[in-house]
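Please read the following note alongside the sequence and the model.

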Amino acid sequence: MTVSARFATALLGLVLVPALASGQEIPRPPLALVHANVLDVRTGKVAADMTLVLRDGRIESVAAKAPPAGLKTVDLKGKYVVPGFIDAHVHISGLAAARLALESGVTTARSAGVSDYHDVGLRELARKGAIAGPDFAAAGYHVRPRLAEEAFLSDTVLWTLMPGVDSAEKIRQVVRVILGHGVDWIKVLATERAGTADTDPRKQMYTEEELRACVEEASAREVPVLAHAHGDEGAIAAVRAGARSIEHGTYLSDSTLRLMKEKGTFLVPTYTTVIDLAEPGGDYDVPALRIRGMHMLPRIRQTVEHAHRIGVRIVAGSDTGYGPNSLTRIPQEIVNLATLGLTPLEAIQSATTTAAELLRIEKSAGAIEPGLEADLVVVEGNPLENLVVLQDPLLVVSNGRVAVNRLGFGK
């Protein structure tokens, strides 16, 4: 880990959470969940009255038998267990926000950009067991024509780029610096943003050649690229350049979607955030953005519907920092995706198995199977019959640790 990444970890661990300054790992004693209805998110089948044994942060067994003697046991009394949710697009930069995500059932989060490499610090705290979760895939700063001011403070070597990151070689330089902080993903802006009133989300930011330079530089370190793209021109350039996912995709054409299907590019539409743009309150309570959101909403709805019909893999992302004003959560995105043509199972998969494939963690997360991480969410009823139950997690287990327990409030 670089000096700045170690500094971010130390800052989060010693300043934001002084109670953890002793360096003690949060314990995760072996645990058995009994009388559970377990949803297999690969097949949609529900196994009734099962016992899940969790040990050393992983699922040891899922079987219709009594738990081993001596284990702490939690009786779920027929409640339903689903995998912990994967939020594939977050802007979490602090412990309070991470906690809010965890309380909503998110046990893995892919950062889509924060300042000061706080996502790297959060990732390390979760790995050390200093926080219960979520696990983080870090991205650091966005690659964009005008970098965030803080980026120049983190890495003064970038000062020569103050006029703008406006060529393939400059993009390569920025990517190399960000990679030096130990990130897991590189984020690039292929179009302008939707969440700022003075930008046009349809406007292309980088050419295909420039985006390819970004992808090539990241790929040399086996790091994938996520491309922010609302407009079609920027999006198709990013797909051709080799981006692993397109974020948002509001104005995508069917030809771009077909190319995404052909190349295996994922779509993270962050649909619920566009609802947030169009309605009062939440992260974007700005009149100009409400007007924009009302125009964008039918377009992104059409994009998701067409993407699903064409066969593009769709992944759930919240596009929120889980701040005090945030109204967006992954269970909402799951519910909303099911109104756009996805079946209830496909909508759940968008935050579990499909999301795990996007993050390349399908061998460790995304399902309830022996050997996978013990990331679990317990809800009142069968989500395949009523997806809304996902919005009220009664128990959240992250890396084998009970992070949230509201079972006493269930029926």
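**Strand pairing and ring contacts**

1. Ala-109 stands opposite Phe-136, a residue of strand 8. Strand 7 (106–111) and strand 8 (135–137) pair in the parallel sense over three bridges. Two strands pair if DSSP finds at least two bridges between them; strands (E, at least two residues) and helices (H or I, at least four) are DSSP runs numbered from the N terminus.

2. This is a predicted model, in which local features need pLDDT of at least 70 and side-chain atom pairs count only at pLDDT 80 or more, while totals for chains, interfaces and linings use all residues. Residues are numbered from 1 along each chain as its sequence is written, and side-chain values use heavy atoms, with hydrogens and water left out.

3. The open sheet has three strands in the order 6-7-8, with parallel pairing. Strand 6 (85–90) and strand 8 form its edges, each pairing on one side only.

4. One aromatic pair is counted, with ring centres of Phe, Tyr or Trp (its six-membered ring) within 6.5 Å; planes under 30 degrees apart are stacked, over 60 edge-to-face and the rest tilted. The pair of Tyr-117 and Tyr-141 is edge-to-face because the planes stand at 80 degrees, with centres 5.2 Å apart. These residues lie 24 residues apart, and the pair links distant parts of the chain.

5. Are Tyr-117 and Tyr-141 buried or exposed? Tyr-117 is buried, at 2% relative accessibility, and Tyr-141 is buried at 5%. Buried means under 20% relative accessible area, exposed over 50%, and partly exposed in between (1.4 Å probe, protein chains only).
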